[in-house]
Amino acid sequence: MSESKLAGRFFDAAIELLARVRNEESESIAAAGAAIADTVAAGGRLFAFGAGHSSLAAQDVVYRAGGFAVMNLLAVPGVVGVDVIPATLGSALERVEGLAGAVLDTSPARSGDVLVIISLSGRNALPVEMAMNARALGLKVIGVTSVAYADETRSRHVSGSFLKDHCDVVLDSKIAIGDTVLTHEGIEAPFAPASTVVTSALMQAMMAAAAENLADRGVEPPLLRSGNVDGGHEWNGRVMTDNRDRIFYRHG
């Protein structure tokens, strides 16, 4: 079977985007890593939030091999992935004002913690208000978004602002409006979204920067090992026990 030209074009586009964020966002990645390291070293907790497919990148740094044990998913019922029926309900909930405040008020997040908010467009009420309310509560907010949306679309929040306007650190994914990177003769709609690849890479780069920052201070990062290697479960048990007051995916 011959190689797919479109598959190759997708890889080329993704690699180009990854190279761009590596070169253009290096300082912001380091700043985000430093903010996370500050919080971890001070005994604080980490949270990640994303709605719809943005939740995939949030989940990618929670309870996984090589990840920080103290990173928790801030889940909003109905918007985590596409696990609701109809799936369009999740998109509708992103536009509901007041939902973010209710979620934060009932969450374990507190002043001094870090919240990473992932939203490709950053224009809907939920991520905007999540950032606004988190900062009001004293959390440090890291936003992962495409700044292009703020330049080329209108906010759906009453304030007219975007996620990027309410963050302590912003990581720009450089994703173009509409997300897709491919077009082809005979196919009417553009296709092949790259935001998940790039956003997940940004998240992992940020966590690597945090681990490096902690190591430079002589602080051992609270990392998990794979449960599929010998000794992994025992290692993870110790890490989780040592950090039980900062882990919320093990209990209610």
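Two strands are said to pair if DSSP finds at least two bridges between them, and strands (E, at least two residues) and helices (H or I, at least four residues) are DSSP runs numbered from the N terminus. The views below show a predicted model, in which local features need pLDDT of at least 70 and side-chain atom pairs count only at pLDDT 80 or more, while totals for chains, interfaces and linings use all residues. Residues are numbered from 1 along each chain as its sequence is written, and side-chain values use heavy atoms, with hydrogens and water left out.

**View A. An open sheet of five parallel strands.** The strands follow the order β2-β1-β3-β4-β5, and their pairing is parallel. Because β2 and β5 (169–172) stand at the edges with a single partner strand each, one side of each is left without a neighbour in the sheet. Neighbouring strands are turned against each other by 20° on average, direction ignored, where angles run from 0 to 180 degrees between N-to-C directions and axes are lines fitted to C-alpha atoms, for helices over the stretch in contact.

**View B. The pairing of β1 with β2.** Strand β1, which covers residues 46–50, pairs with β2 in the parallel sense over three bridges. Phe47 has Asn72 in β2 as its bridge partner.

**View C. The hairpin of β6 and β7.** Strand β6 (residues 180–184) and strand β7 (residues 187–193) run antiparallel and are joined by three bridges, with His184 standing opposite Ile187 in β7. Two residues lie between the strands of this hairpin, and Gly186 in the turn has a positive phi of about 95°.

**View D. Two residues other than glycine with positive phi.** Tyr63, whose phi is near 45°, lies in the loop between α3 (54–59) and β2 (71–73), whereas Ala192, with a positive phi of about 70°, is found in strand β7. Tyr63 counts as exposed at 54% relative accessibility, while Ala192 is buried with a relative accessible area of 18%; buried means under 20% relative accessible area and exposed over 50%, with partly exposed in between (1.4 Å probe, protein chains only).

**View E. The packing of α1 against α8.** Helix α1 (residues 5–24) and helix α8 (residues 195–216) pack at an angle of about 35°, and their axes are 10 Å apart. Their contact (heavy atoms within 4.5 Å) is made by Phe10, Ala14, Leu17, Leu18 and Val21 of α1 together with Val197, Val198, Ala201 and Leu202 of α8.
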